[in-house]
Amino acid sequence: MSKTYHFIGIKGSGMSALALMLHQMGHKVQGSDVEKYYFTQRGLEQAGIPILPFDEKNITEDVELIAGNAFREDNNVEIAYAIKNGYKFKRYHEFLGHFMNQFTSFGVAGAHGKTSTTGLLSHAMKNITDTSYVIGDGTGRGSANAQYFVFEADEYERHFMPYHPAYSIITNIDFDHPDYFTSIDDVFSAFDDYAKQVQKGLFVYGEDSNLRKITSNAPIYYYGFEENDDFMATEIVRTTTGSNFNVKHDGQIIGKFHVPAYGRHNILNATAVIANLYVAGFDMALVAEHLKTFSGVKRRFTEKVISDTVIIDDFAHHPTEIIATLDAARQKYPSKEIVAIFQPHTFTRTIALLDDFAEALNEADAVYLAQIYGSAREVDHGDVKVEDLAAKINKPAKVVTVENVSPLLDHDNAVYVFMGAGDIQLYERSFEELLASLQNHM
């Protein structure tokens, strides 16, 4: 009799994606987590996967344990019980590293753009051939007969070290996670170690000076906008319905492409996907056909309209990502005022990148800031306040609270871009309720 997979912390975005995938492959799956509602829950509930409260009774002989990285002996009863009683468990990335060996695997790594690129790659591949995947926005798909597997490779705490994929894209190298990495050199060394584990082909962004230094035993292909790239996006036309471009390789145009996405970064992500699929032997006409229908991933430039007001929700929590998101908003809404509502995520990142955040937010026409969202991994020593960031921004910048977002109403023809990795969605919800209540009183 096969064991049931039990996920400790099943609502985590990678964990829920993996749980869904195993469930769809025909395995028995259950998990435990906190009571608080999390956006990944819906998919698990629709699949009928049981979500239990944390309890040591969940740990029995007939479950195989997969544990979320945030959970340890000192903060979780199940892990503590498992360790005390000699039950073995694998961390998410350890399980994934072992699991992917049965497929031809395609990894996506990089400081920014991992989730969008993994989403685009898995969308194209699943429409061409049977493909399983896990995406960092909490979505996963499993097929018992798939020969291909697409996954996101996270550099935080070097979690991607158990992975030895056939192919991998690396979108960029940037200094982030200052609670773990000591410097850009430390980040580079992690990516360089990962690159050496790729087996058949590595696809890296050619205009990234760090990625130009990376070494691998697999062939390295550079993609980007320059003549010295192996795969070059050219004849780019950016419109309010998306981006059109050709891709050139060895002096030949290998295809004309359209992605219904905005911003320079999404053209690069698509070029990486095209390069990888070209080298892996996929038909470019089919790739072009399916890139056209990609609808995006959760919390990456997700739009809604509330009483004629456009609201965009994005996970951007690093200066590079903020610039990319605001660039995308300008492409789609060239005649509107771009209003940024940003919540810094972690005190360590806010301190390390304070000037860069200010510079990135200056790309908006007006800025509103939410209180810093501290991580469970850190303590607020009072070294930085959101007001410190507001003071450095040249554009009009105000601090708002979740209880009072009414200053946002001071704009007429505006698009509101909510960005952050904490609970910025609570601010967004307050604003939506405010808009709805005004509509009802008109």
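This is a predicted model: local features need pLDDT of at least 70, side-chain atom pairs count only at pLDDT 80 or more; totals for chains, interfaces and linings use all residues.
An unreviewed UniProt entry places the annotation "domain: Mur ligase N-terminal catalytic" on residues 4-103.

Five strands make up an open sheet in the order 3-2-1-4-5, and their pairing is parallel. The edges of this sheet are strand 3 (51-53) and strand 5 (89-91), each of which pairs on one side only, while the twist from one strand to the next averages 30 degrees.

Helix 1 (residues 13-24) lies across strand 1, strand 2 (29-33) and strand 4, and its direction makes about 170 degrees with that of strand 1. Helix 3 (residues 77-84) also packs on the sheet, where it touches strand 1, strand 2, strand 3, strand 4 and strand 5, and its direction is at about 130 degrees to that of strand 5.

Two packed helices are described by the angle between their axes and the distance between the axes. For helix 1 and helix 4 (residues 92-99), the axes come within 11 Å and cross at roughly 40 degrees, and the two helices are therefore oblique to each other. The crossing of helix 1 past helix 4 is left-handed. On the helix 1 side, the residues that take part in the contact are G14, M15, L18, M21 and L22, and they meet Y92, F95, L96 and F99 in helix 4.

## Strand 7 and its neighbours

Strand 7 (residues 131-134) is covered on both faces: T131 and Y133 on one side are buried, and so are S132 and V134 on the other. With strand 9 (residues 148-152), strand 7 pairs in the parallel sense over four bridges, and in this pairing S132 stands opposite F149.

With strand 8 (residues 140-141), by contrast, strand 7 runs antiparallel, and two bridges join them; V134 has G140 of strand 8 as its bridge partner. Strand 7 and strand 8 form a hairpin with five residues between them, and in the turn G138 has a positive phi of about 95 degrees.

## The hairpin of strands 14 and 15

Strand 14 (residues 242-249) and strand 15 (residues 252-259) are paired in the antiparallel sense over seven bridges, among them a pairing in which N244 has H258 as its partner in strand 15. These two strands form a hairpin with two residues between them, and D250 in the turn has a positive phi of about 50 degrees.

## Two residues with a positive phi

H177 is a residue other than glycine with a positive phi, near 50 degrees, and it sits in the loop between strand 10 and helix 6 (184-195). Is H177 buried or exposed? Its relative accessibility is 14%, and because buried means under 20%, H177 counts as buried.

E235 is likewise not a glycine, and its phi is positive at about 50 degrees. E235 belongs to strand 13, and with a relative accessible area of 54% it is exposed, because the exposed class begins over 50%.

## The second annotated span

From the unreviewed UniProt entry comes the annotation "domain: Mur ligase C-terminal", which covers residues 304-411. This span is 32% helix and 20% strand, and its end C-alpha atoms lie 18 Å apart.

Conventions. Residues are numbered from 1 along each chain as its sequence is written. Side-chain values use heavy atoms; hydrogens and water are left out. Buried means under 20% relative accessible area, exposed over 50%, partly exposed in between (1.4 Å probe, protein chains only). Two strands pair if DSSP finds at least two bridges between them. UniProt positions are given in the numbering used here, feature names are shortened, and annotations may be inferred rather than shown by experiment. Axes are lines fitted to C-alpha atoms, for helices over the stretch in contact, and angles run from 0 to 180 degrees between N-to-C directions. Contact means heavy atoms within 4.5 Å. Angles under 35 degrees count as roughly parallel, over 145 as roughly antiparallel, 65 to 115 as roughly perpendicular and the rest as oblique. A crossing is left-handed if the near helix is turned anticlockwise from the far one by less than a right angle, and right-handed if clockwise.
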